[in-house]
Amino acid sequence: MRRCSICILPEVYPNISFDEKGECNFCKTHQKIQFLGKSKLKEDLLKNKKDKGKYDCLVPVSGGKDSTFVLYQMSKVYQMRVLAFNYDNRLTHPQAQENVRKIVNYLGVDLVIKKNKKQKKYMAINLRAYLRKPSVGMIPMLCTGCRYGIIGNAFNIAKEYDIPMIIIGWSPIEDTPFKEVYLKDNGNSVIGGLLRNLIKNPAYIRPNNMIGAVKDYYHSYQQVKDWNIVLKMLHPNVKLIQFYDYVPYNPDEIENIVERELSWETPDKKDSWQFDCKIKLLQNYFYEKELGFTATDCYLSAMVREGFISRSEALERLKYSKQNKDKKLNQLHEFLKDINMEDLIFYFS
Ligand SMILES: [Zn+2]
């Protein structure tokens with residue numbers, strides 16, 4: 001398959017075009033991410049800190065490296081009084097849960113865990129609906145409830161404990177804009193695309209599922225970044241700070257630090273991105289099958305464009321990730337057994 005000569009996006013990526021040198025349009029128009037800097041972060045932390053209450057900030061942690069690094073920085077480096085928060089959707093990798101426990105203990109940070117059993121139910125409904133009539137734009141529906149589960153709950157807990165700030169560890173490098181392209185389908189809106197898909201496949205339609213999807217939309221990366229009107233109205237007293245808007249996000253460097261300083265662990269060092277939630281296994285399976293690429297192509301390309309890894313390193317990692325196909329398939333089968341959906345195993349081979 002032909003790939004961009006600068007990054008590794010494949011020719012089947014939506015809206016891609018190549019010039020005579022084989023450079024893709026995304027590389028040609030790319031501008032490196034600008035960071036606000038550590039002194040601005042310090043300034044904003046001090047500005048928003050209240051001296052009353054037990055905590056200065058709330059940090060949502062998944063057990064992945066990015067949020068672990070944020071927790072470490074807030075607690076040890078910036079000396080904030082931190083409350084950690086973990087959203088347990090019952091679909092996370094045991095190693096991620098283990099990381100959370102180990103690291104809050106090590107840092108001496110209090111932890112609130114919110115468990116949600118319903119998310120599994122939504123996932124099951126959406127997985128069965130998808131398999132009835134696969135439509136690429138609807139693959140993200142498998143995650144319904146999770147965005148709100150993390151960010152919505154973080155706001156609620158901040159309110160409950162009178163905490164003035166939430167510090168989150170999302171980075172634009174991990175953005176996967178292609179997912180929305182398939183839902184929008186020829187430039188329509190996300191909501192329009194969603195409605196069209198629901199009419200075509202009513203198996204998705206359940207009240208909780210729909211409310212969950214709307215709540216997620218208002219708590220998604222871009223909506224939170226733009227601090228939309230709904231969030232402004234709902235949470236006037238809580239400031240949300242995106243840590244990686246200030247501090248450069250270099251995934252490999254972060255991984256090395258959390259391993260060294262906190263004994264953070266990953267099940268597979270060479271393919272550790274997004275290991276924390278098992279739904280990603282399912283999603284990547286579908287993307288690979290339907291499109292011939294996954295979010296990993298997108299992520300590695302973003303890392304090349306930022307200059308964190310070379311193109312050949314990205315290709316090598318992608319190759320490794322694809323070689324792991326059988327292992328991932330086994331994990332996927334185990335996962336389906338785990339959630340009592342082994343009747344679906346025959347779809348995944
Ligand atoms: Zn490119």
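This is a predicted model: local features need pLDDT of at least 70, side-chain atom pairs count only at pLDDT 80 or more; totals for chains, interfaces and linings use all residues.
1. A word on "buried" before anything else: a residue is buried when its relative accessible area is under 20%, exposed when that area is over 50%, and partly exposed in between.

2. Let's start with the aromatic rings. How many aromatic pairs does the structure hold? The count comes to 17. One of them joins Phe 69 to Tyr 72, with 6.4 Å from centre to centre and 40° between the planes, which makes the pair tilted. Both residues sit in helix H3 (residues 65-77), three residues apart, or about one turn of the helix. Phe 69 and Tyr 72 are both buried, too.

3. Now set the Phe 243 and Tyr 244 pair beside that one. Here the ring centres are 5.2 Å apart and the planes stand at 85°, so this pair is edge-to-face. The cut-off behind that label is an angle over 60 degrees, while stacked pairs have planes under 30 degrees apart and the rest count as tilted.

4. Tyr 13, Phe 26, Phe 178, Tyr 287 and Phe 293 are linked into a cluster by ring pairs. After H3 comes Gln 79, which has a positive phi, near 55°.

5. On to the charges. A search of the whole structure turns up 22 salt bridges. In one of them, the side chains of Asp 19 and Lys 28 meet at 2.6 Å, N to O. Asp 19 counts as buried because its relative accessibility is 13%.

6. Another salt bridge sits inside a helix. Glu 43 and Lys 40 meet at 4.0 Å, N to O, and both belong to helix H2 (residues 38-48), three residues apart, about one turn. In an α-helix there are 3.6 residues a turn, so residues three or four places apart point the same way. Glu 43 is partly exposed at 47% relative accessible area, and Lys 40 is also partly exposed, at 29%. The pair belongs to a network of salt bridges that links Lys 40, Glu 43, Asp 44 and Lys 47.

7. Which parts of the chain does the salt bridge between Asp 343 and Arg 128 link? The closest N and O atoms of this bridge are 2.9 Å apart. Asp 343 is in the segment after helix H16 (325-338) and Arg 128 is in helix H5 (residues 118-132), so the bridge ties together distant parts of the chain, 215 residues apart. Both ends are partly exposed: Asp 343 has 43% relative accessibility, and Arg 128 has 35%.

8. Arg 132, Lys 133, Arg 196, Lys 200 and Arg 206 form it. Arg 196 lies in helix H8 (residues 190-200) and is partly exposed, with a relative accessible area of 31%.

9. Most residues other than glycine have a negative phi. Asp 162, however, has a positive phi, near 55°. Asp 162 is in the loop between helix H6 (146-160) and strand S4 (165-168), and it is partly exposed at 33%. Trp 227 has a positive phi too, near 50°. Its loop runs between helix H10 (221-225) and helix H11 (229-234), and Trp 227 is partly exposed, with a relative accessible area of 23%.

10. Last, a contact to find in the viewer. How many residues apart in sequence are Tyr 182 and Met 138? They are 44 residues apart along the chain, and their C-alpha atoms are 8.2 Å apart in space. Tyr 182 is in helix H7 (residues 178-184) and is partly exposed, with a relative accessible area of 23%.

Technical notes
Residues are numbered from 1 along each chain as its sequence is written. Side-chain values use heavy atoms; hydrogens and water are left out. Patches are made of residues with over 30% relative accessible area and no salt bridge: like charges are joined within 9 Å, nonpolar side chains (Val, Leu, Ile, Met, Phe, Trp, Tyr) within 5 Å. Accessible areas come from the Shrake-Rupley method with a 1.4 Å probe; for residues, only the protein chains shown count as cover. Lys and Arg count as positive and Asp and Glu as negative; His and the chain ends are not counted. The place of a charge is taken as NZ of Lys, CZ of Arg, CG of Asp or CD of Glu. Helices (H or I, at least four residues) and strands (E, at least two) are DSSP runs, numbered from the N terminus. Buried means under 20% relative accessible area, exposed over 50%, partly exposed in between (1.4 Å probe, protein chains only). Rings of Phe, Tyr and Trp (its six-membered ring) pair if their centres lie within 6.5 Å; planes under 30 degrees apart count as stacked, over 60 as edge-to-face and the rest as tilted.
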